[in-house]
Amino acid sequence: MKSLILTALYLARDTLNRWVSRISSPLARVLVVFFLSLCALCFLGSYVITAKALRDKIRTQGGDLVQMMIFSAPGGNATALPTEQELSDLLDVDSMAVRAVGSAMVDQRSVSIFTYDFQRSSQFVPLLSPSAGPCLLCPMDRPVFRPGPRDVRLTGDSTSRTLLVRHLPPDHMLMRLAPDGCIIIPPETAESLTSNRGSTMQRIITRVRNLEGAHSLTRVETYFQNMMRMEGAQGHVISASRMLREMDVVLSNQNQCRAAFCIGIVGIVGILLTALAGMEYRQNEYIYTLMKSFGIHPALLVGAFLVENLLLVGLSFAAAVVTFMQSQQIIVTQFFKMSRYSLKLDEIMPEIHLIAAMLLICIAVSSIPIIAAANREIGRVLK
């Protein structure tokens with residue numbers, strides 16, 4: 001045990017002496033790994049930011065929504081739709097479901113009238129008037145109706161009703177169902193409308209919480225299609241899954257570019273580490289062979305070079321990560337023109353793991369000539 005510690009200390013001292021006497025060797029490895037890693041992080045970071053911006057754009061345009069319309073047979077019972085909690089637990093989505101009960105003319109505009117099931121009352125009651133009466137909802141970005149009370153005659157009503165006009169954010173799921181606005185009435189009010197007797201259309205809209213690609217929407221689409229088939233109802237499902245599939249193809253092609261870029265880094269760093277390690281071992285081969293003749297195992301000699309490269313490459317890569325995270329806002333703003341976006345460490349972590357894995361491969365490859373040289377016969381070196 002004592003000899004092992006003394007040998008390790010000697011090898012560590014020998015490494016420090018080599019660094020001091022030939023400063024260009026460790027400096028070359030540090031600078032090459034640092035700048036190549038920083039360039040790789042900038043390249044892969046631009047990919048992550050682009051994908052993030054694209055997903056945000058898709059969400060803004062409603063690409064994370066799946067809408068289903070069900071048409072029941074005339075005079076038939078409405079299809080029993082799953083509850084909000086059921087869809088949340090099964091598909092990890094937020095949802096709203098309404099039933100069309102007619103329309104109304106407001107300022108010469110046709111506005112759809114929706115009602116809801118009692119099991120979804122907690123979603124709709126906050127949208128109604130303080131007295132739980134009907135409410136006219138319209139998007140904030142197109143406030144065609146002023147907020148406040150308003151007299152409106154609903155289809156099938158003999159007298160006008162006083163509705164409360166509310167404005168909702170344009171990305172609200174109800175506004176996705178009815179971009180021009182809609183009237184929400186409680187179920188008990190809907191029963192009094194004559195138009196409700198022939199109501200045959202139900203609509204349900206879901207928003208995927210974690211949009212990771214087309215498969216996130218396809219899963220919801222498949223569920224709704226199976227539900228319609230089992231219920232024997234007619235209808236259709238609307239989503240942006242086709243557009244997302246095309247985006248997934250583009251992102252898949254970018255993954256190939258990322259892999260090629262990382263392979264290029266492996267080639268450059270691997271050649272540098274292999275050449276320097278082989279050169280330094282040959283320069284000290286006589287001393288290392290003497291140590292082998294005294295009983296030092298070749299694995300210790302190889303391990304010394306592995307630890308040296310791990311230390312230099314690890315510190316260089318850590319410095320590159322810190323530099324990128326500290327200066328990323330400048331890079332994103334000046335080069336990518338995306339001042340609204342920034343990367344968190346967990347968002348860039350897969351890329352950091354990818355580069356780190358490639359650098360470890362470089363270190364492992366650079367040890368091959370050292371292993372071959374360390375296992376040469378002692379007599380051939382000392383002759």
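**Cavities and aromatic pairs**

The structure has three cavities of 30 Å³ or more. Keep in mind that this is a predicted model.

I'll start with the cavities. Rolling a probe the size of a water molecule over the atoms shows where empty space is left. In this model, the largest cavity holds about 40 Å³ of space.

What lines the largest cavity? The residues are Leu81, Ala97, Val98, Arg99, Thr115, Tyr116, Asp117, Arg120 and Gln202. By type, four residues of that lining are nonpolar, two are polar and three are charged. Strand E2, residues 93-106, contributes the most to the lining, with three residues.

Now to the rings. How many aromatic pairs does the structure hold? There are three, and I'll go through two of them, Phe34 with Phe35 and Tyr116 with Phe124.

In the pair of Phe34 and Phe35, the ring centres are 5.1 Å apart and the planes stand at 80 degrees; planes over 60 degrees apart count as edge-to-face, so this pair is edge-to-face. Is Phe34 buried or exposed? Its relative accessibility is 16%, and the cut-off for buried is under 20%, so Phe34 counts as buried. Phe35 has 48% relative accessibility and therefore counts as partly exposed.

The pair of Tyr116 and Phe124 has ring centres 4.7 Å apart and planes at 0 degrees, so it is stacked. Both Tyr116 and Phe124 are buried.

Tyr116 links the two topics: the residue lines the largest cavity, and its ring pairs with that of Phe124.

Methods:
Residues are numbered from 1 along each chain as its sequence is written. This is a predicted model: local features need pLDDT of at least 70, side-chain atom pairs count only at pLDDT 80 or more; totals for chains, interfaces and linings use all residues. Side-chain values use heavy atoms; hydrogens and water are left out. On a 1 Å grid over the protein atoms alone, a cavity is a set of points where a 1.4 Å probe fits but cannot get out, and a pocket is an open set with protein on both sides within 12 Å along at least five of seven lines; lining residues have an atom within 4 Å of a point. Grid points are joined across faces, edges and corners, and a volume is the space filled by probe spheres set on the points. Helices (H or I, at least four residues) and strands (E, at least two) are DSSP runs, numbered from the N terminus. Ala, Val, Leu, Ile, Met, Phe, Trp, Tyr, Cys and Pro count as nonpolar, Asp, Glu, Lys and Arg as charged, and the others, Gly among them, as polar. Rings of Phe, Tyr and Trp (its six-membered ring) pair if their centres lie within 6.5 Å; planes under 30 degrees apart count as stacked, over 60 as edge-to-face and the rest as tilted. Buried means under 20% relative accessible area, exposed over 50%, partly exposed in between (1.4 Å probe, protein chains only).
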